[in-house]
Amino acid sequence: MFKITPVQDRELAKAYLDACSAVLLEDTFIYAMTDCESGNIMGISQFEIMGDCGYIYDIKEADGLSDFEAMFILGRQTMNFINSCGMDICRASKEAADESLIKAIGFKLNGNSYECNTEGMFDGSHCSGH
């Protein structure tokens with residue numbers, strides 16, 4: 001089992017990001033996925049909410065781990081939070097994660113980044129389109 005929690009302590013965030021080969025960016029939100037039994041970091045997401053959309057910079061697993069389903073859940077949870085803040089459009093960097101993960105989460109390539117309309121994605125109103 002695992003848990004996903006926001007990380008507000010910037011030193012802890014940096015340590016988690018380092019463990020996932022990601023770089024801490026200014027003024028971003030960080031979610032950490034940790035193993036419930038050991039407390040070890042499994043993965044992180046780094047994102048921001050700006051203007052009329054959310055933007056995901058990273059969905060990365062800890063170095064040496066390979067758990068596609070866990071990263072899928074972390075990515076969807078990140079998108080759910082962005083959506084719950086009133087943003088229906090979510091974008092992701094091409095470098096945010098492996099292309100297969102980004103597409104599985106629901107993103108489509110749109111120019112220089114990936115984009116997903118999350119309207120209805122998390123409220124059950126029309127989840128079949130996601």
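Predicted model: local features only at pLDDT ≥ 70, side-chain atom pairs only at ≥ 80, totals over all residues.
**Entry 1: conventions**

I take contact to mean heavy atoms within 4.5 Å. I take helices (H or I, at least four residues) and strands (E, at least two) from DSSP runs, numbered from the N terminus. I number residues from 1 along each chain as its sequence is written, and side-chain values use heavy atoms, with hydrogens and water left out.

**Entry 2: overall form**

I looked up the secondary structure and found 3 helices and 7 strands. Along the sequence I read the pattern β-α-β-β-β-α-β-α-β-β.

I then checked the radius of gyration, taken over C-alpha atoms, against the globule rule of 2.2 Å times the number of residues to the power 0.38. For 130 residues a compact globule would come near 14 Å, and the protein agrees, with 14 Å. Along the principal axes, I noted that the C-alpha atoms fill a box of roughly 35 × 30 × 25 Å.

Of the contacts with a separation of 6 or more, I found that 54% join residues 24 or more positions apart. For surface I used accessible areas from the Shrake-Rupley method with a 1.4 Å probe, where only the protein chains shown count as cover for residues. The protein exposes about 7,000 Å², and carbon and sulfur atoms supply 49% of this area. For single residues I call buried those under 20% relative accessible area, exposed those over 50%, and partly exposed those in between (1.4 Å probe, protein chains only).

Which residues of helix H1 are buried? In H1 (residues 10-19) I found Ala13, Tyr16 and Leu17. Seen down the axis of H1, these buried residues fall within an arc of 100° (by the directions from the helix axis to the C-beta atoms), so they line one face of the helix. I recall that an α-helix has 3.6 residues a turn, so residues three or four places apart point the same way. I noted strand E2 (29-35) and E3 as the elements against which the buried residues of H1 pack.

At the N-terminal end of H1, I found Asp9 as a cap, with a side-chain oxygen 3.0 Å from the backbone nitrogen of Glu11.

H1 is followed by Ser21, which lies in the loop between H1 and E2. I recorded a phi near 55° for Ser21, a positive value in a residue other than glycine. Asp27 sits in the loop between H1 and E2 and has a positive phi of about 55° although it is not a glycine. For reference, most residues other than glycine have a negative phi. Ser21 is exposed, at 53% relative accessibility, and Asp27 is exposed, at 67%.

**Entry 3: aromatic pairs**

I count rings of Phe, Tyr and Trp (its six-membered ring) as a pair if their centres lie within 6.5 Å; planes under 30 degrees apart are stacked, over 60 edge-to-face and the rest tilted. Phe47 is buried at 1% relative accessible area, whereas Phe81 is partly exposed at 24%. I also noted a cluster in which ring pairs link Phe29, Tyr31, Phe47 and Phe81.

Is Ser45 buried or exposed? I found Ser45 in strand E3, buried, with a relative accessible area of 0%. Leaving aside neighbours within four places in sequence, Ser45 is in contact with Phe29, Ile30, Tyr31, Asp58, Ile59, Leu74 and Thr78. For polar contacts I require a pair of N or O atoms within 3.5 Å; within protein, one must be able to donate a hydrogen and the other to accept it, and residues adjacent in sequence count only if both atoms are side-chain atoms. The side chains of Ser45 and Thr78 make such a contact at 2.8 Å.

Lys108 lies in strand E6 (residues 108-110) and is exposed, with a relative accessible area of 63%. Not counting residues up to four places away in sequence, I found that Lys108 touches Ser113, Tyr114 and Glu115. From Lys108 to Asn83, 25 residues apart along the chain, I noted a C-alpha separation of 17 Å.
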